[in-house]
Structures are given as C-alpha cells and as structure tokens.
Amino acid sequence: VWAKTILTSLQIVARQVSGVDGVAMSAKHAFGENVDRLITVEMCFSPDFPYGVAAKLYEAARRRFGGPLAMMAAEELMRRIEPESYVLILTGMMIPPWNTAETDGPIGAAALARILRIGFNALPVIVVDPSETTVRAVEAACRGMGVGIVDLGDLGRVSYSASIQTFPLDVEGARRAADRLIGELGPSAVIAVERLGMNVRGEYHTAHGYNCSNWSPRMDYIVERAREVGVLTIGIGDHGNEIGFGAIAEEARKIVPYGEVCRCPCRGGIVCATETDILIVASISNWGAYGVEACLAYLKGDLELMHSPSLELRSIGECVGAGGIDGATSAPTASVDAVPAELNAHLVEMLGFMLRSTRMRFKRHF
Ligand SMILES: [Zn+2]
C-alpha cells in the first residue's frame, strides 16, 4: 500500500513539474524554464574546450535562486529600471597581444543595450577595458546590433544609442572609477556579461587556469559598490570565473576545471568570489543575455523587442571586423566560443519563435 501511495505522490509531483494539468506551471514559468534550457545547451565538444559544466553550474544556481533564472532577472529589471536611468553593462576584455575583446560578452551586452534603450527608455553605459581595440570591437558589436555609440552627455537625446566608458587597470583608479560610476550616474541596475571577476585571493584567471590579473581591470568594485547602495546587480556567465559566480562559489569550485586550484602561484582556483543579486548561467554568456532579452520582451508583451537573426549575424561580423576574436579558438572568425555565427543566429531565431508562439492560436478539427 505504501509503495502505491509513494508512486501516486511521485506521479502528482511529476505532473505538477511538467505542467500537464495546465495549472501548476504558469505560462510565464514554462516560458522562462524553456528559455533557461535552451541557453544552457552546450554545442562544443572539442577536447580542447571545457564542456560538461553548464548543466551542473545551472543546477547549483537554481538551488540557490529557486525559479528560472533569466525570467527572474527580467522581472527584477522590469521592477527596478526607471525611464532615463542609467544601466551599467560590464563586459569586454583586452586579450594580449592585440589587447582586443572576444566575441562572447560584447554581442550579448549590445543585445541588452538595444532592448533596454528601445524597449524601456533606459540609458545603457557599457563599461570595458582601457584598450582602443576593445572599445572599437564593442562599438562595432553595438552598431551591428543597431545601436549607435554616443558620448555620455548625448545619450538621453539620441535614440538607439549607448555609451562606452573605459575602466582603469590600476587598483586605486578602479576604486575611484567604481565610486564615480555608481555615485554620479546612480544606475538602476548593473549587469555583468562574461566579465572576468576576482577569486578569493583577488586574482583573475582564464578558463584554462592562467593568471590574467595584469590585463583585467577590477570591475568587481563596481558590483561591490552597487550592492552597498542597493542597486540591482546581475551576473551572466558560462564558466565560473566571471562576476556573479560568488553566489555559487563552493559548488562551482568542484565543477569547473581549475576550480579548486589554478595554474598560478595564488592557488586560489579560478572561481570568481564576487556575488551578484541574480546569477544567470548559460553555455555561452551571450546566450544568457539573449535569455534575459527574450524574457523582457515576453514580460513587456512586445514581441518585436527581441533582436533578429540578421542583427545577430551583423553584430558578430562587425565585432570581428573591428578586431574582436573568438575566445575559445583565439581566431578572428565569425563565431562565439567556437560556435559559428549562423548557429548563434539560429538560437536567436528560436527565442524569437518562442515569443511569437505566445500569440498563435490553433483551431483543429480533430
Ligand atoms: Zn591563481
């Protein structure tokens, strides 16, 4: 009898989780759940690429935060973003010897800047490394995405615009810049997209465990300052060494290669110790940004807010044309973490269809 009772309870739970009865799982929850699933699918199984981590990191983040992550971030952004308020988007890198950005990060940042500017009348300020090539690559990513770069002072009166600010490499300069960005701009949110963050020892590491502190400006200070004054912070990452993973640092250390011990003398592991209010795990960080974008369009009820596959292709192409490189392969190819631009565009197309499908009605005769 008890076995049968347990079986029945399990079936009830399964029905509730799957939403078969149509009551337990709301439409919003189902949409968010499936967005999260899509953006955490890994595509690259090269022996030279760290696969097998996205699902585990995601499960740890779900245990920490509860509901679907991209939808949670979108709902919180909807609550917090005031029209004409600044939103800081931290991304970019200055990979030597070119001092250039990888394609993962800037394209996602551009997509978020676009939807926040045109859908919410927010003023996106993208904060990047102090390198001319990185600035050019991020500017190109934005232009490809249909967002023009203007000076901070022109941001409010120019539509389809974002501004780029560079962040200094030295520790004292970083502290001052963080205070200025949070204090003077008074942003309504800070979003880090594939932005390297410091580990427990204050050091920065690549996914392969190497120390990169000498070319990683300490943007963690921006997040720390934002949290002190109650500004919403969101981290979007794919490997554990990015800002936000402090929220699941203990779990991430056990999941990712070089998580517990790095290849540099600090021996602190690559996992970032800086926590954000919400962490979004994706298999490619840009995809995490697209997940938030799709959920924002869903919540706003404006299906046109999601960027198109052609904007995606153009943004990747222009970013690479301006000096950006693929972060997984280090080649200047139209790809993101080894995944060809076309596949990134297909993912954007899938998210777009999921949005449009919410308006579809079916009338079948059987
Ligand atoms: Zn180290």
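Predicted model: local features only at pLDDT ≥ 70, side-chain atom pairs only at ≥ 80, totals over all residues.
1. Angles between elements are taken between N-to-C directions and run from 0 to 180 degrees, with each axis being a line fitted to C-alpha atoms, for helices over the stretch in contact. With that convention in mind, helix 6 (residues 132–144) lies across strand 2, strand 3 and strand 4, and its direction is at about 150° to strand 2.

2. The chain has an average pLDDT of 95, with 93% of the residues scoring at least 70.

3. The strands form an open sheet of 7, arranged in the order 3-4-2-1-5-6-7 with parallel pairing. As background, the strands of a sheet pair through backbone hydrogen bonds, in either a parallel or an antiparallel sense.

4. Which strands does strand 4 pair with, as seen from its individual bridges? Strand 4 (residues 161–166) runs parallel to strand 2 (residues 123–128), to which it is joined by 4 bridges, and within this pairing V128 stands opposite T166 of strand 4. Strand 4 also pairs in the parallel sense with strand 3 (residues 148–149), here over 2 bridges, and G148 is the residue that stands opposite S161 of strand 4.

5. Helix 7 (residues 171–185) packs on it, touching strand 1 (86–90), strand 2 and strand 5 (189–193), and the direction of helix 7 makes about 155° with that of strand 1.

6. How are helix 11 and helix 12 oriented relative to each other? Helix 11 (residues 309–321) packs against helix 12 (residues 341–357) at an angle of about 150°, their axes being 8 Å apart. Angles over 145 count as roughly antiparallel, and the two helices, helix 11 and helix 12, are therefore roughly antiparallel to each other. The crossing of helix 11 past helix 12 is right-handed.

7. The residues in this helix contact can be named. From helix 11 come P309, E312, L313 and I316, which meet A341, E342, N344, A345, V348 and E349 of helix 12. Sorted by class, this contact of helix 11 with helix 12 comprises 6 nonpolar, 1 polar and 3 charged residues.

Definitions and conventions: Residues numbered from 1 in each chain as written. Heavy atoms only, no water. pLDDT = per-residue confidence, 0-100. Pairing = 2+ DSSP bridges. Parallel < 35°, antiparallel > 145°, perpendicular 65-115°, else oblique. Left-handed = near helix turned anticlockwise from the far one by under 90°. Contact = heavy atoms within 4.5 Å. Nonpolar A, V, L, I, M, F, W, Y, C, P; charged D, E, K, R; others polar.
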